[in-house]
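These are my notebook entries on one protein structure.

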Amino acid sequence: MLDPTEVAKHNTAKDLWLIVKGQAFDLSEFAPEHPGGMKILLKYAGIDATEPIHPPGTLEQYLPKDKHLGPVDMSKVEVVIKEVTAEEKERQVRIAEMPPLDECLSLYDFEAVAKSVLPTAAWAYYSSGADDEITMRENRNAYQRIWFRPRVLRDVTTIDFSSTILGQKTSLPIYITATALGKLGHPDGEKNLTWAAAKTGIIQMIPTLASCSFDEIMDAAAPGQAQFMQLYVNKDRAITKKIVQNAEKRGIKGLFITVDAPQLGRREKDMRQKFVSEGSNVQADSDTDKSQGAARAISSFIDPGLSWKDLDWFKSITKMPIILKGVQCWEDAVLAAEAGCQGVVLSNHGGRQLDFAKSGIDILVEVMRELRARDLLKNGFEVYIDGGVRRAGDVIKAIALGAKAVGIGRPFLCKATKPEDVYLSVLITKSIQLLKDEMEMNMRLIGAPTLADLTPDMVDISSLSIRPVDGAPDHMMRQNYEPLTGIGGGLGAKGRL
């Protein structure tokens, strides 16, 4: 058993040992590529570096065996006591004053509570969008430019909105799309989404950048529960192959390959929080780029060289259905269908990548038109969208225009509860039930007893292509929207005279 004082001797950039969950690892070769930078590794040299948002098993799985140094005598390891800041004390007061669950009547209500009580770093990461966040707001605004054309005198006594996604049954035409770093908001992280998906009969997409390990999430699933996997493609194809084949072995029903992120976008809220969290001595450590935020800090492994020719390789290593996530024009949707993919997700990454990319619902109209014109839907090719969905009415609009299902991500992360509480999945379950209640009411009012009865003629899209920036305000959204503050925490907004 290693003595921690011996581990602590290896505390330089070229000779770096670390303790994680009672085991010592030699990170000397890996340290320069650590997505969080060198400084954080040096900070924890010789003490317990186990971080709550790092998935367990990561080092054990991907670090060469000769870098596993063995167990450490943890009785001699320095115990780091975290100081409770004034900001954290204030947050705890807000947590204690959280409104009861039955007062949350929409996804907006949950988001408002989350804005109040989530840790600052969590809210900055979850709420951030790219650049000026025009696309992030447009994702919501686009739905509000589509109007219903209800049909009357139809028998809507019984409403059925059950469906299938890639042949997997779902109680609602939505799925929980991949969102990273669930443990920023709650210790159980993405497992809360797994439990809620099982209780409500919908499908969860497991993210590559989950806080929990992939196997942890799979082990939390109910027997027979269908799950998909979102994949960021690693530059090291051997690692990618291992991840994909392990997912297939564990029973994943669909592989959603993210194609809109050769580099993660510039998210200024997140970047400013990252800057603050690492202190004010910004030029003291040239090994760490402190301007990029948590998003880029966890994503340096993503391969910017991913291209259409790689699809044949993916088909050679898995029999899972392959869906391209992040398609943003009809031309690429057509190419995906012609390449033998089973579907596409029309998505701009929640407005977190390229600002001024069009919304998924906007792209859907042209995509369905071109796919139908080429008869590319005949073999079961499916189209999904995500981004900006907050109401069941949004889901109905998407289904009427041809989408098979809609992904919801950020609103399900914005479910806040006490840190020691294990019932976050109850809040997510409640939010899904609210969507089901809205779905039943709206389908009855529009005159559609089943999803098949939702047709393009039931929506008016004549205003969809008119894209005013910050037109008619959505006040519910605006209450929750965290505006960009600019330098100095809003310095430019402060009076001079």
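The entries below go from the whole chain to its parts.

**Entry 1: the whole chain.** I noted at the start that the model is predicted. I counted 20 helices and 16 strands in the protein chain. Of its 497 residues, 52% count as buried. I then looked up contacts between residues at least 6 apart in sequence, and found that 75% of them join residues at least 24 apart.

**Entry 2: strand β11.** I asked which way the side chains of β11, residues 255–258, point. Leu255 and Ile257 point one way, whereas Phe256 and Thr258 point the other way. I recorded that in a regular strand the side chains alternate between the two faces of the sheet. Are the residues of β11 buried or exposed? All of them are buried.

**Entry 3: the neighbours of β11.** I looked up the pairing of β11 with β10, which covers residues 227–231, and found that the two run parallel and are joined by 3 bridges. In this pairing, methionine 229 stands opposite leucine 255 of β11. I followed the chain from β10 to β11 and saw that it passes through helix α10, residues 237–249, in a right-handed β-α-β crossover. I then turned to β12, residues 322–327, which also runs parallel to β11.

**Entry 4: helix α16.** I asked why helix α16, residues 392–400, can be called largely enclosed by the rest of the structure. The reason is that 9 of its 9 residues are buried, that is, each is under 20% relative accessible area. Among them are Asp394 and Lys397, as well as Val395, Ile396 and Ile399. Just after α16, I found glycine 402 with a positive phi of about 120 degrees.

**Entry 5: the cavities.** Rolling a probe the size of a water molecule over the atoms shows where empty space is left. How many cavities of 30 Å³ or more does a search of the whole structure find? The search finds 2. I noted a volume of about 700 Å³ for the largest cavity. Its lining has 45 residues, and Tyr126, His349, Gly350, Arg352 and Arg410 lie nearest its centre.

How values were computed. Residues are numbered from 1 along each chain as its sequence is written. This is a predicted model: local features need pLDDT of at least 70, side-chain atom pairs count only at pLDDT 80 or more; totals for chains, interfaces and linings use all residues. Side-chain values use heavy atoms; hydrogens and water are left out. Buried means under 20% relative accessible area, exposed over 50%, partly exposed in between (1.4 Å probe, protein chains only). Helices (H or I, at least four residues) and strands (E, at least two) are DSSP runs, numbered from the N terminus. Two strands pair if DSSP finds at least two bridges between them. A crossover is right-handed if, with the strands pointing away from the viewer, the path from the first strand over the helix to the second runs clockwise. On a 1 Å grid over the protein atoms alone, a cavity is a set of points where a 1.4 Å probe fits but cannot get out, and a pocket is an open set with protein on both sides within 12 Å along at least five of seven lines; lining residues have an atom within 4 Å of a point. Grid points are joined across faces, edges and corners, and a volume is the space filled by probe spheres set on the points. Contact means heavy atoms within 4.5 Å.
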